[in-house]
Amino acid sequence: MISRNFKNVLVVSLGFLFLFTAYGGLQSLQSSLNAEDGMGVASLSVIYASIIISSMFLPPIMIKNLGCKWTIVTGMACYISYSFGNLYPGWYTLIPTSVILGLGGSPLWSAKCTYLTISGNIQAAKDGKKGSDIINQYFGIFFFIFQSSAVWGNLMSSLIFGQDTGVADIPEEQLQLCGAAECGLNVTTNSTTTRPAQRLVWTLVGCYIGVGLVAMLIVAVFLDNIDQEQTSQFRGNREPFCQTFLATFRLLKDWRLVTLIPLTMYSGFEQSFLSGEYTKNYVTCALGIHYVGFVMMCFGAANSLCSFLFGRLARYTGRAALFFTAALANFCCIIALLFWRPHPDQLAVFFVFPALWGMADAIWQTQTNALYGILFPRDKEAAFANYRMWESLGFVIAFAYSTFLCLEYKLYILLAVLVLTVITYPVVEYYEYKNPTEPIEEGTYKSQKETIQTDENKIICQTQM
C-alpha cells in the first residue's frame, strides 16, 4: 500500500497534468494561432509579467492564509480563465485573462513546490531517510507525470486541426524564410497564412476548458490538507502585512539566491524559445500549424520520461553532472539551429530538436526546483516565489523581443544566458558541497508524523487509503 504522502504527490501531479494539458497546448499555439499584430506572443508576455508582480507578495500571503491545497485550487481557476479568453481571441479578452492567469500562476507553483517539499520531508522523517533524496524523488515523479501534459494537449490540437486540410499548403517561397536563414519576422500565422476553421478552434478550446475543470475537481476532492494546522496558527497569530509582503525580497539578501538568478532565468528563456520561436519559425513555417502538436508531443514525452529518470538518478550522479549534461545538450541544439534550414523533406529532424530539448528541460525543471527546496528549507514559500519571479522574467524578456528581433539574435541571446548560467551555478553548488544546508529540524516532521498517527482526523482526506 502506498504512503499517504506518495498518494498526495500523485494527486498534485494528476491535477497539474490535466490543467497544463489545456494551458500547455494553448501556449504552444499562441505564436501561430493568434499571430495577428503579435497578439498571441503579447498575451504570453503579459502572463509572465503578471507572474513577476504576483511573485512579489501573493505566494506567502495566500499559502499562509489558505494553505497549499486551496491556493492550488484558486490558481487553477485563474489558469482556466485564459482558456475562456481564447474562445473569442482579441486584445480585450486575451490580455485581461492573461493578467488573471499571471496573478494566480506564482501562488499555484509556489504552493505546489511547498507541498512537495513538506511531503518529502515528512516522509523522510518517517522512513529515516535523507530529506533531499525523497524531495528529489517526489519532484521527479511530479515532473514525470506533469510533463506528459505536453503530449496530450498537443495531441488534441494536432488531431483537431488536422481535420482542416487547408492548413497543409506550404508555398516554396515560404520555405525560404524558415529557420535562422532569414530574419524570421515575416513568418505569419501559417500555414502559413491559413488559420484553422473557427469551429475547430472552438472545439479545441472547449476541450481545454473541460480538462481544466477536471483538474480543479481532482485537487479539491482528493488532496489532503497537510498544512491545515500551520495555516490555522498563522491566521490566529497573523504577521504584519508588510512583513509578509516583503518576505520574497528579504530572501534576496542571501547571496546564493542571487547567484542562482541566471540559472532560474535561463529556464524561462529556453522554454519560451521552444514554445514561441521553434514552433513558429521552424515547425509552423515549414510543416504547418497542425504539426506543432506532434512536435511538442515529442518534447513532452522526452521531458516526462527524463524527469522520472533524473529524479532517481540525481542521488547517484549528483546535481552538477546533470546540469552540465543539460547545458551541453542545449548548447549543441542552439549551434545546430543557427545553421539548419528546415524543409518538409527532413521530417525526422523536426522531432530530434524537441526530444533533446525535452531531455535538457527535464533536468532544468526537476533539479532547480529540488535545489531551491534544499537550499532554503525554512523559507520555502519565499524561495519558490523567487524562483517563479526570476523564471517569469526570463519568459517576459524573451516574449518581449520576440516580435522585433531576428531569430539569429534570439539564439545568440539564449546562448549567452546559457554560458552565464554555466559560470554562476557551480559557485553555489561548490559552496553547498563544502557547507551543506541543514534540513529543517527533524522534530518538526516527527511531530507531524505523530499527529498523523494519533489523530488522523486533523488531516482532511476524502479518499480511503
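Aromatic pairs number 34 in this predicted model. Rings of Phe, Tyr and Trp (its six-membered ring) pair if their centres lie within 6.5 Å; planes under 30 degrees apart count as stacked, over 60 as edge-to-face and the rest as tilted. Residue numbers run from 1 along each chain as its sequence is written. Local features need pLDDT of at least 70, side-chain atom pairs count only at pLDDT 80 or more, and totals for chains, interfaces and linings use all residues, while side-chain values use heavy atoms, without hydrogens and water.

Start with Phe20 and Trp109. Their ring centres lie 5.4 Å apart and their planes meet at 65°, so this pair is edge-to-face. Phe20 sits in helix 1 (residues 4-33) and Trp109 in helix 4 (residues 91-127), so the pair links parts of the chain 89 residues apart (helices are DSSP runs of H or I, at least four residues, numbered from the N terminus). Phe20 is buried at 7% relative accessible area, and Trp109 is buried at 7%. Buried means under 20% relative accessible area, with a 1.4 Å probe and protein chains only.

Both rings belong to a cluster linked by ring pairs, which also includes Phe16, Tyr23 and Phe142.

Now take Tyr372 and Phe376. Their centres are 6.0 Å apart and their planes stand at 55°, so the pair is tilted. Tyr372 is buried at 0%. Phe376 is buried too, at 2%.

Helix 3 (residues 58-85) is next. It bends by about 115° at Gly67, the angle between axes fitted to the seven residues ending there and the seven starting there. Of its 28 residues, 22 are buried, so helix 3 is largely enclosed by the rest of the structure.

Terms used. Helix = DSSP H or I, 4+ residues; strand = E, 2+ residues; numbered from the N terminus. Buried < 20%, exposed > 50% of the residue type's maximum accessible area, 1.4 Å probe, protein only.
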